[in-house]
Amino acid sequence: MAHRIEVYTKVNDTRSEIMKKKLTSLGFSINESKVADVYTINKDFNQDELDRIAKTLSNPVSQTYLIDQPNKEIEFDFALEIGFLPGVTDNEAHTAKETIEDLLKTKFEDEQSVHTTKLTFIKGTNLTEKQIQQAGESLANKLIQRIHVKSHDQFEKDNGMDLNIPKVNLKPHPKADKIDLNIPEEELLKLGKKGIPNKDGTRRGPLALDKEYLHTIKAYFEKEGRQPTDIELESLAQTWSEHCKHTIFAAKIDDNEEGLYKGYIKKATKEIRNKKGDKDFCVSVFKDNSGGIIFDENWVITDKAETHNSPSALDPLGGAVTGIVGVNRDTIGFGLGAKPIINKYGFCVGYPDDEEPLYRNKEHTERALSPKRIFEGVIDGVNTGGNQSGIPTPQGFVYFDDGYKGKPLIFVGTVGLIPREVNGKPSWEKQAKPGDKVVVIGGRVGQDGIHGATFSSEALSAGSPATAVQIGDPITQKKLSDAIVKEARDLDLYNSITDCGAGGISCSVAEMAKECGGCIVELDKVPLKYPNLEPWKIWISESQERMTFAIPPEKLDTFMKLMEKRGVEAKVIGEFNDTDRCVINFNGETIMDLEMDFLHDGLPRKEITTTYTQKQHEEPFAEKPENLTKTLLDMISRPNLCSYQFISYQYDHIVQGGAVIGPLQGKGKINGPSSVTKPFPDTEKAIVCSQGITAKYSHIDTYHMAACAIDTAVRNIIATGGDLQHTALMDNFCWCSSNEPERLGQLKSAAQACYDYATKYETPYISGKDSMFNDFKGFDSQGNPIKISVPPTLLISSTSVISDATKSISIDPKFPNDLVYIIGETAIELGASEYFEYLEKGKYGNSVPKVDAEKALKMYRKFQEATEKRLIASALSPSAGGIGITLAKKAMAGQLGMEIDLTKIPKSQDINREDYLLFSESQTRFIVTINPDKKEEFETLFAQIPHAQIGKITENDKFTLKGFNGSNIVDTDIKTLTENYKRTFNSY
Amino acid sequence: MKPKAIILTGYGINCEEETAWCFEKTGGEAEIVHINDLIENPNRLSDYQILAIPGGFSYGDDTGSGNAYANKIKNNLTEQIINFAKQDKLIIGICNGFQILANTGLVPAIDDKYGERQVALMRNKTARYECRWTWLKNTSKKCVWTRDIDLLHLPVAHGEGNFYAESEILNKIKENDQVAFKYVNEDSSPANQKFPINPNGALEDIAAITDPSGRILGMMPHPERFLAFTNEEGWELKKERLIREGSALPKDGEGLKIFKNAVQYFL
């Protein structure tokens, strides 16, 4: 018999108060709410045992509990219980089960289980059952959770809530199905698009195989003289997916035979490395889970950025958790295993105050999540994943645009640390050998994340599979991570390691098998969350927190024992060999037998033809605003420019003890664009990280968009005291409609800029990723079809190594009377700027900012000299919002007054509007403050670079900007600025 | 001989490396040991003079922060841990480690009831994880770990640090001089529950408590995250001042004082 334990908090019940607030904010009239944690234990225990269990799961100081009886003391109108759907990972239940097993020295058998739910008692005015059901739907996510509502009467009648055991019941399916490809062309295409048909007529979900791919597969199996099995088709679809093979970046593009990746990105890195010669700091680029560069004589640092866009659109919390812990695995999977030391994030979402609904279907039964819900969910996700993993998150940004409303872009990144040598060998080299055992460790396999890889290669629509959602379990991964990078690696227990990401073991095992030339897998050995999972699902499931190893037989025993002692589940599922085939057995039968060459390289190469049209955009007509003080205060409270400190404070950015410059700088706690981390307490060597994103410029020109993203990422590094000679970049392209020649033309143009600017700055790309179909297809509130595409987006992540952390530079002015300088020239470059969006939304204009790399390079080299001489007391580079926002952020950061004369600003063209001068987004500029004693030295150093002293820091708290006619056009104070800067997300 | 510290880890503890470094830096010897290895051989605990349970996210805070890890200790190591606590040895629990000590009943151990849960660290009043710097006032004369410290600047990073005890226990904690740190303003004036000076809503602004002997310390703030000069919030301003004065920049962080006190206790 199953039992139910309810735990109530008796003092400081913050959660119940928050619940009341949430319900009230949803528009319900709530007097009282009370939340309880419920453990449903599906195993028989006697009363004494249950008492001990309840005591263990609760805290006698602050909590009470009930065992197998309803709460009779609480006054309520409705009880609302939210739990997980069958098969969804329930981390808390997992811990409770382990605790009970340890407490009573017992074991839960396969059929026995623990489940958790949250029970909320609600008392209000005139509440209806329907309303509470609605409230439940707002609080829960129907894709992963279930809701149960009972009225007070029903509760009394039933003597409480129900005992509900969410079990997955699958029919046994012991075999793989044969799939007939000799079907009419139309049917074949449908198979590729919608998936393999089930017996009941439904489809298994997208394979994302187009006509050419399908015919290549058909021809292969004709040659083999048999029909493919479902698992073979699914496996090919995973391996050949845009998500895994990056077919668009690999394709021949117009007359460029090499394509985007080899012909631009990789080419830049290759040329830079050659040019740098013995100063080349790259050790492993583009071939592993992360890229690796030299840190010092003993250590390598790794970097990787990923996106988790489609899962986050459906389940923002789960999508972001699995995103961040997933990219952590790209670190653990680098070389022989690196330790994650810095997490990064970037959230591109619709404006959170946009409440106009979107629907996935015409009937309006499937409403897309609102931008606010997505925003809050992904913030929570990186909080859960990052904080629980013990990895600091000092670096990140938020970026809002209407184009991200249907499909958000959720960037996550991780820097790792690994010794240059592990057991006397270069740490970044690894190779599975014939005879090595295939071992998977970590989480178990369920239906979660089926078709993630093929799904993200398609636009988001009503047909998007709910099983693409995955729930993260950061602690399972933390155990795994510690066991590998803190123990097994240095014990030399494996030959190769890789992450199980998109495509699950179908990709990780087959990928590793390339290192030796084949593998044989016994699929029934894979540990499952629940019985009877079909073989093709086991093979491609993207259940999280797993890694794959190649382990020499003589080390297997030691490895398995170590994993057991660390609470990490490990299982041998096969063997690597050199047969040139990837073979899978299931229940004693061979269900997959593919040539390795065909599996990996059998896909026909695409050829892409592009077009490019330079569009003319309407210029905003608005006159210069009368009151520029008000304009500045409005601007600084805009979502793209204002404080997001509520995110910074809830992310642990100091764990591991290496924090130097964090996400909030100066006394004013202003969000800065870069961060500095010192990985070793004993040495001053440090890592500077930054990010550049300028996607709005894509409305005008993707070449300059990319150039500005690169310049932003690089000059933020320089402003923070970074070293251009030791800076690496990463490119993350998130494009839209990548089957349209025009979009592909824009892509090619951006790739060209990536090549041009990286080679100029000599900053190599060490890793990158692309996500090509970020479009939302659905319906608006009138039922009209609507397509929302993201603006073509390129995130450039930059990482630099500096020799002395104390030479890093923060953004806050330090002392009154320090001098304020601007370095670099300003032009009328307001196309697609934040200011134009403020003036007249939708009128982008045409004057997109452009980057002169030669000039920039000269400036950055001088800046580095100034850094070396400690001439610069504070620095911040103007980006979105221009000089006006930069000056304000600096003054607020120092909480010191500032007097500026705008007429002193060096300009490369006549600018006759003060607002344009203030908010132009010209690149390659810095605003710095210096010690007045250093004036001469500073000016001499920058003699050949456009620069000017534009004002000084003052003792009082006034912030004044003098305009063209000599009077103050902005006149405010630090307090008012700060209030406006911080008000937008005040209630978050 | 250098005093030996055992630093427990496993199941989501994540500050073990920097905690170990702090003991070594201040003259101790530190060994990081997975709790399962200690359970396998519990008697090895007697090799050490100091036991540290570092910060982290053991079991993802499931069933209450520190609870599941504490249960693991109680189910497998009760005798050895209580025995350790009663000797002239030192124990520290930082953040998650404090939550574990509280759930294991090693602090405050009022009426010498070691092993009984008497206080709780509840969800922050903001209902959110808070990572920020706080000022701490040493209010205990008996605590070994905080000797010669008056005011200390340290960061907190936790979701459940809201200290709570019933009034009878609280009174005894105070009467016995067992409050080690309180959250205060930079000028040492009381936080009086005001956020973010008191970052979690802790009763009477309590940030750290000891057992009756003063040898066991549980604290929410993280001394091991202020191990270098450049760790401190606002170091950039201090740096600029020192440079303009022509002074050298310090290297160490003030969080090390806590560890130094422990190591010195045995020298």
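At what angle do the axes of α21(A) and helix α30 (residues 974-983) of chain A cross, and within what distance do they come? The axes cross at roughly 35° and come within 7 Å. Here an axis is a line fitted to C-alpha atoms, for helices over the stretch in contact, and angles run from 0 to 180 degrees between N-to-C directions. Helices (H or I, at least four residues) and strands (E, at least two) are DSSP runs, numbered from the N terminus.

The model is predicted: local features need pLDDT of at least 70, side-chain atom pairs count only at pLDDT 80 or more, and totals for chains, interfaces and linings use all residues. Residues are numbered from 1 along each chain as its sequence is written, chains are lettered from A and ligands numbered from 1 in the order in which they are written, and side-chain values use heavy atoms, with hydrogens and water left out.

**First stop: helix α21 of chain A**

Select A:L632, A:L633 and A:I636 in α21(A), together with A:T976, A:L977, A:N980, A:Y981 and A:R983 in α30(A); these residues meet, contact meaning heavy atoms within 4.5 Å. By class, this contact has five nonpolar, two polar and one charged residues. In this scheme Ala, Val, Leu, Ile, Met, Phe, Trp, Tyr, Cys and Pro count as nonpolar, Asp, Glu, Lys and Arg as charged, and the others, Gly among them, as polar.

Next, select helix α27 (residues 882-894) of chain A, which packs against helix α21 (residues 628-636) of chain A at an angle of about 75°, with the axes 10 Å apart. The two helices are therefore roughly perpendicular, a term for angles of 65 to 115 degrees; angles under 35 degrees count as roughly parallel, over 145 as roughly antiparallel and the rest as oblique. From α21(A), residues A:L632, A:M635 and A:I636 meet A:G884, A:I885, A:A888 and A:M892 of α27(A). The residues of the contact between α21(A) and α27(A) are six nonpolar, one polar and no charged.

**Second stop: helices α13 and α16 of chain A**

Move to helix α13 (residues 316-332) and helix α16 (residues 474-488) of chain A, whose axes come within 11 Å and cross at roughly 10°. This crossing makes α13(A) roughly parallel to α16(A). To display the contact, select A:V321, A:V325, A:N328, A:R329 and A:I332 of α13(A) with A:P474, A:Q477, A:S481, A:I484 and A:V485 of α16(A). This set divides into six nonpolar, three polar and one charged.

Select A:R15 and A:D37, whose side chains meet in a salt bridge (3.0 Å, N to O). The term denotes a side-chain nitrogen of Lys or Arg within 4 Å of a carboxyl oxygen of Asp or Glu. The pair links distant parts of the chain, 22 residues apart: A:R15 is in helix α1 (residues 14-25) and A:D37 in strand β2 (residues 30-42) of chain A. Over all chains, the count comes to 86 salt bridges.

Display both chains. The contact takes 62 residues from chain B and 72 residues from chain A. About 5,600 Å² is buried between chain B and chain A, with carbon and sulfur atoms giving 53%; buried area is the accessible area (1.4 Å probe) that two parts lose on being put together, summed over both.

Ten salt bridges are counted between the two chains. For one of them, select A:E684 and B:K251, with their closest N and O atoms 3.7 Å apart. On the side of chain B that touches chain A, α6(B) gives the most, with eight residues. By class, that side has 23 nonpolar, 16 polar and 23 charged residues.

Select B:V107 and B:P108, joined by a cis peptide bond with omega about -5°. B:P108 is placed in the loop between α4 (96-104) and β5 of chain B. Another cis peptide bond joins B:F195 and B:P196, with omega about 0°; B:P196 lies in the loop between β9 (179-184) and β10 (206-210) of chain B.
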